[in-house]
Amino acid sequence: MATVSVGTDEHVVSSPPGPRGHWLWGTVREFRRDILGTMQSWVQEYGDAIRFRFFLHYYSYIFSHPEHNKYILQDNNHNYTKLPSPTLGLLVPLVGYGLVTNDGDSWLRQRRLAQPAFHRRRIERFSEIMTAAAELMVESWHPVAKEVGSIDLSEEMMRLTLEIVGKSLFSVDLTREAETVGTAFLAANRQFRDFSSHPFGTWLMNMPWLPRTRRFMRNVALLDRIVNGIIDGRRSSRDAGSGASEDLLDLLMDAQDAETGERMSDRQLRDEVMTLMLAGHETTSNALTWALYLLSEHPHVREELEREVDEVLSGRIPVFEDISRLNYTNMVLEESMRLYPPAYAMTRTATSADVVGGFHVDKGAIVTLSPYLTHRHPEFWDAPEAFDPQRFTPQRKAERPRYAYMPFGGGPRMCIGNNFAMTEATLILAMIAQRYRLDHVEGHPVDLEPLITLRPRYGMAMTLHER
Ligand code: HEM
């Protein structure tokens, strides 16, 4: 599809087709009911570029062709900012202006500062934290498996990935806080979904006396307590002269502006820690939960995975160097994130009018890109709903455009934690497959819950069988 940049011919290009919805409510109700199903049905009806009326006179866009993704995330990314945005703006009370929600020079400074914590050498060191935590988890499953009992896999994965992100980036053990983080974050997630799909969400969020706003802020306060505890704990240990941890928290606390010598404000530090704690565990946890669910539904894929894990590891705990040989494990994860991308949608604001894929985009419009939609695009994926890790052989990957697959986004705002996440998920999946077969409990409902990330609405009940 041709991509044309904005120019003097702006007036001759048309807007993309799309639904106008109810005369007053626009399409708000469809979104509230079923955001993924609604977007999919529109793609079938209108194609890769859609302009829809969200509410009253607020129009919004959805683009799903790989060329559109490339243009918006990479080629003309300067025109597509995160802020101001009515949707992302709603996340500010929770994560402030941390890396995910920040923009412009302030974002660039913070990104450069955080980047060293994600270098390959660091991730190699983190891999020991990852396997040690995973080993404790698989050990703790032993008594359950003996009785062929079941676990909530989603909870287990959340707890494990939170522990790993806490130990790796902040050198703290968050296992005792896991339940509070899990409950408060899930509640805040659901409240965020309600605000963001409400026509007056932004106003409601700014009315602190409303019960629903008070409930949301109570959950934010719970998470704040944990984040402030991490920061205060580090301050005390630094004041007491204990050796530097040289982790991400130290990097952030030591950072000084080259010109003014100023350090990061307490607020900015809090925002970054909150952002990384949340972005760094829930996504990977969902990726693993969906992968293990898909494996339980596709026994032949699971057997192939077990063969690889047994051959590469011969029963020992994996180390970082094994990752490059766990190819099929990696392919299973990639295919799982194709079908269930944890970050199923990304939004941007068009700072000036533009032309995308031959269609006009209004200045100030909200533009949504969706890995969930692009990963099912029939031009790039045969039988898109089928689970088939063979799609990710090196040869078949090379045949597809880069932006046909984007679980970690792309361009300058691409996920900073992608290598961290893939290392972690590969090691954990291999360690689970090495010891157990997990079967989805028959009758337990499986439903997608698209909140900030794509979660299983009712958790994931799994029976454990020792191999
Ligand atoms: C399977 C796991 C993960 C997935 C699918 C994922 C997905 C994404 C996506 C799609 C974005 C881009 C959002 C956008 O462009 O609007 C993003 C950004 C980000 N992710 Fe991840 N992520 C994962 C794991 C992680 C981990 C482990 C960390 C940290 C430890 C992390 C930290 C971040 C941060 C800080 C950003 C914002 C980057 C920036 O804008 O500079 N993510 N992630």
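Two strands pair if DSSP finds at least two bridges between them. The legends below apply this to a predicted model.

**View 1. Tyr80 and Thr81 face strand 5.**
Tyr80 stands opposite Ala350 in strand 5. Thr81 has Thr349 of strand 5 as its bridge partner. Strand 3 and strand 5 (residues 346–350) are joined by two bridges and run antiparallel.

**View 2. Strand 5 also pairs with strand 8.**
Four bridges link strand 5 and strand 8, and the two run antiparallel. Met346 stands opposite Leu369 of strand 8. Four of the five residues of strand 5 are buried, so strand 5 is largely enclosed by the rest of the structure.

Strands of a sheet pair through backbone hydrogen bonds, either parallel or antiparallel.

**View 3. The largest nonpolar core has 117 residues.**
Val273, Ala291, Leu292, Val332, Val367, Ile428 and Leu429 touch the most other members of this core. Its largest share, 11 residues, comes from helix 20 (residues 418–435). Leaving aside residues up to four places away in sequence, Ala291 touches Val332, Leu333, Ser336 and Leu429. In soluble globular proteins, nonpolar side chains tend to be buried together.

**View 4. Helix 16 packs against helix 20.**
Helix 16 (residues 299–313) and helix 20 pack at an angle of about 100 degrees, and their axes are 9 Å apart. Helix 16 is therefore roughly perpendicular to helix 20. On helix 16, the contact is made by Leu305, Glu306, Val309 and Leu313. Helix 20 contributes Ala430, Ala433 and Gln434.

**View 5. Confidence falls below 50 over residues 1–10.**
The protein averages a pLDDT of 92, and 97% of the residues score at least 70. Over residues 1–10 the pLDDT is below 50. Beyond near neighbours in sequence, this stretch has 18 contacts in the model.

Terms used
Residues numbered from 1 in each chain as written. Predicted model: local features only at pLDDT ≥ 70, side-chain atom pairs only at ≥ 80, totals over all residues. pLDDT = per-residue confidence, 0-100. Contact = placed C-beta atoms within 7 Å. Core = buried A, V, L, I, M, F, W, Y, C linked by C-beta atoms within 7 Å. Buried ≥ 20, exposed ≤ 12 C-beta atoms within 10 Å, placed from the backbone. Axes fitted to C-alpha atoms, helices over the stretch in contact; angles between N-to-C directions. Parallel < 35°, antiparallel > 145°, perpendicular 65-115°, else oblique.
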